[in-house]
Amino acid sequence: SLLGPLPLGKMGHALGGCQGSRKLVKGTVALVVPSTAESDGKPGLDQDGMISTVKAMRTAGFDYHVISPTGGNLCSALPQSHTSEKDMQTYKIEKLLSSTTALSEVKTAWYAAVFLIGGTTAIGDFKNNKELRELVGRHYDQNLVILGVCEGVIGLLQVVDSQNKPIVKGRKIVVQLSPGNEDSKVKDHLEALLKQKGASIVDEKDWTTDRAVITGRNFPSSEVMSLIHAGIKDYKNAKAGAGATL
């Protein structure tokens, strides 16, 4: 189905093939989501952003791999109800989040792009996560696309490049909050943290791109897909002769 999770057997094979290599997980985008639930037990991610991102990936021919800091079922705290009683969005989110992979399990995996999905709990889950920092950092160093959706931009904060410089330094960043999270203090806090690392906060309604880093929300999928394909091409060219495959 359009929003069905990637079969475990397929992902297991792909990840196993990455051990000790720089082989991309073929045609697959990493979707990193916060693990922590909201106080009412609902998943703490931006549900609208997650669903629209998955649809865009599927339309463009990409698979997706849903990853979270802890891994596992992120919907276990939701009240259980019969499928027919659920609204369609809840049903889709439960399918997407029923079996996420922990960041610790993808230490050697390479993806076509890394998407950091925001939400109310993303700041706490992403801000100082070492494994997320390493995942983003190694893809950034290869010019593969990094996309921060809403509060997901916090996942860029601690990442440094091969010269140990913060990747947000001197870079245009859009800080947007996910629907339902309209606390201006949260937005101000995010912007202050990024500015401390040298980011240039730009006041765009939706999104901006600065080389291979895209931030904001409501992304035009055609442009994002073009950037992802360009990143893959550069990666393949750079690794030609070194065993890189797509």
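1. **Basis.** The model is predicted: local features need pLDDT of at least 70 and side-chain atom pairs count only at pLDDT 80 or more, while totals for chains, interfaces and linings use all residues. Residues are numbered from 1 along each chain as its sequence is written, and side-chain values use heavy atoms, with hydrogens and water left out.

2. **The sheet.** An open sheet of mixed pairing is formed by 7 strands in the order β3-β2-β1-β4-β5-β9-β8. Its edge strands, β3 (101-102) and β8 (207-210), each pair on one side only. Strands (E, at least two residues) and helices (H or I, at least four) are DSSP runs, numbered from the N terminus; two strands pair if DSSP finds at least two bridges between them.

3. **Strand β4 and its neighbours.** Strand β1 (residues 28-32) pairs with β4 in the parallel sense over 4 bridges, and Ala30 stands opposite Val114. Strand β5 (residues 145-149) also runs parallel to β4, joined by 5 bridges, with Leu147 as the partner of Phe115. Between β1 and β2 (residues 63-68), which run parallel, there are 5 bridges; Val32 is partnered there by Ile67.

4. **Burial of β4.** Strand β4 (residues 113-117) is largely enclosed by the rest of the structure, because 5 of its 5 residues are buried (under 20% relative accessible area, where exposed is over 50% and partly exposed in between; 1.4 Å probe, protein chains only). In a regular strand the side chains alternate between the two faces of the sheet. Here Ala113, Phe115 and Ile117 point one way, and Val114 and Leu116 the other.

5. **Helix α3.** The buried residues of α3 (residues 88-97) are Lys92, Ile93, Glu94, Leu96 and Leu97. These buried residues pack against α2 (47-59) and β2, contact being heavy atoms within 4.5 Å.

6. **Cysteines.** The structure holds 0 disulfides, a disulfide being a pair of cysteine sulfur atoms within 2.5 Å. Cys75 is buried at a relative accessible area of 5%, and Cys150 is buried at 1%.

7. **The largest pocket.** Which residues lie closest to the centre of the largest pocket? Of the 18 lining residues, they are Gly49, Ser52, Thr53, Asn218 and Phe219. Helix α2 gives the most to the lining, with 6 residues. A pocket is an open set of points on a 1 Å grid over the protein atoms alone, where a 1.4 Å probe fits, with protein on both sides within 12 Å along at least five of seven lines; lining residues have an atom within 4 Å of a point.
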